[in-house]
Amino acid sequence: MEYSSHKACNEKITGRIKEITLIADKFYSELLTDVGVYYYEDRIEKIVLAYFILNDQYSNWRMYQSHLTEDAKICGLMTMAIATFPPFLPSHNNVNALTEAQKLANPMFTVACCQALSSCDLKFDDQMYRNLWQRLFDVMLESNSVTLEGYRVDLKNNIVKNIVEYSEPDDEPNIKDKFQMDTLISIFELLIKISKYLKK
C-alpha cells in the first residue's frame, strides 16, 4: 500500500509499521495475555500514520535542534498517536473496575515504543521516581489530538488519502495540540535528563 507520493517516505512508514508491530506483539505476549486486555493489531498502522501526520504538521515548530529535544519530540508525537488509536483495550466496559494493567497498558506500551525509536533509556527502578511516572501516565491517558480528527473521521468513513493531504506547510499548529506537545516534550526531557544522571 502507498501512504505517500514519495517512495522514501513510503519505505520509512512501512519499516516503522513493522518495527512497532514487533514491539506490540512482544509487549502483549509477555505482559498482557492474562490480564483481560484485547490487542487490536490493525491500529498499529493507524498509529504510525498518525505519528507521521503529526510530525509533518509540526515540523516547522521553532524548537532547539539538540539531540535531547529531538528524542523528547519523538516521544511526544508517539504519545499523541497512541493515545488517539490505543491498541490495547480492556475486555469489559466498566471503567470503575479497571485493573492497573488494563488502565496503564497503552502508556506503558508508549514508553516501550519511545525507547525503541529514540536513544533515550527510560527504565527507572528507583521508587522515588514512581510518582513522576504516574504523572506521566496520567498525562498520556488524557492526551488526544485535534489535528488528527480529520484522519480519524476519514478512517471511520473508509476514506483513503495520501498522508500529506492532512497537513499543509503553512498551517499553524492547533493551540490545544501545541500545548499538549509542549507539556509532553518537557516531561520527556526531564525523564531523559534524570536517566542520564542516574547512569553517572
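This is a predicted model: local features need pLDDT of at least 70, side-chain atom pairs count only at pLDDT 80 or more; totals for chains, interfaces and linings use all residues.

Me: Is Glu 149 buried, partly exposed or exposed?
Reply: Numbering starts from 1 along each chain as its sequence is written, and side-chain values use heavy atoms, with hydrogens and water left out. Buried means under 20% relative accessible area, exposed over 50%, and partly exposed in between, using a 1.4 Å probe and protein chains only. With a relative accessible area of 35%, Glu 149 is therefore partly exposed.

Me: Which helix holds Glu 149?
Reply: Helices here are DSSP runs of H or I with at least four residues, strands are runs of E with at least two, and both are numbered from the N terminus. The run covering residues 149-156 includes Glu 149, and that run is helix H6.

Me: How far apart in space are Glu 149 and Tyr 166?
Reply: Along the sequence, 17 residues separate Glu 149 and Tyr 166. In space, their C-alpha to C-alpha distance is 9.8 Å.

Me: What is phi of Asn 158, and is this residue buried or exposed?
Reply: Asn 158 sits in the loop between H6 and helix H7 (175-198). Its phi is positive although Asn 158 is a residue other than glycine, with a value near 55°. Because its relative accessibility is 70%, Asn 158 counts as exposed.

Me: Which residues does Ala 72 contact beyond its sequence neighbours?
Reply: Ala 72 belongs to helix H3 and is buried, with a relative accessible area of 0%. Contact means heavy atoms within 4.5 Å. Leaving aside neighbours within four places in sequence, the partners of Ala 72 are Ile 185, Phe 188, Glu 189 and Ile 192.

Me: And which residues does Asp 71 touch?
Reply: Asp 71 is also found in helix H3. This residue is buried, at 5% relative accessible area. Not counting residues up to four places away in sequence, Asp 71 touches Ser 118, Ser 119, Cys 120 and Ile 192.

Me: What share of contacts in the chain is between residues 24 or more positions apart?
Reply: The count takes in contacts with a separation of 6 or more. Of these, the share from residues 24 or more positions apart is 82%.

Me: How far apart are the end C-alpha atoms of helix H4?
Reply: The expected span of a helix is 1.5 Å times one less than its number of residues. H4 covers residues 100-117, so its 18 residues should span 26 Å. The end C-alpha atoms agree with that, being apart by 25 Å.

Me: Where in H4 does a kink lie?
Reply: The bend at a residue is the angle between axes fitted to the seven residues ending there and the seven starting there. In H4 there is a kink of about 40°, shortly before the proline Pro 107, and its place is Asn 106.

Me: How many secondary structure elements of each kind does the chain have?
Reply: From the N terminus on, the order is α-β-α-α-β-α-α-α-α. That comes to 7 helices and 2 strands.
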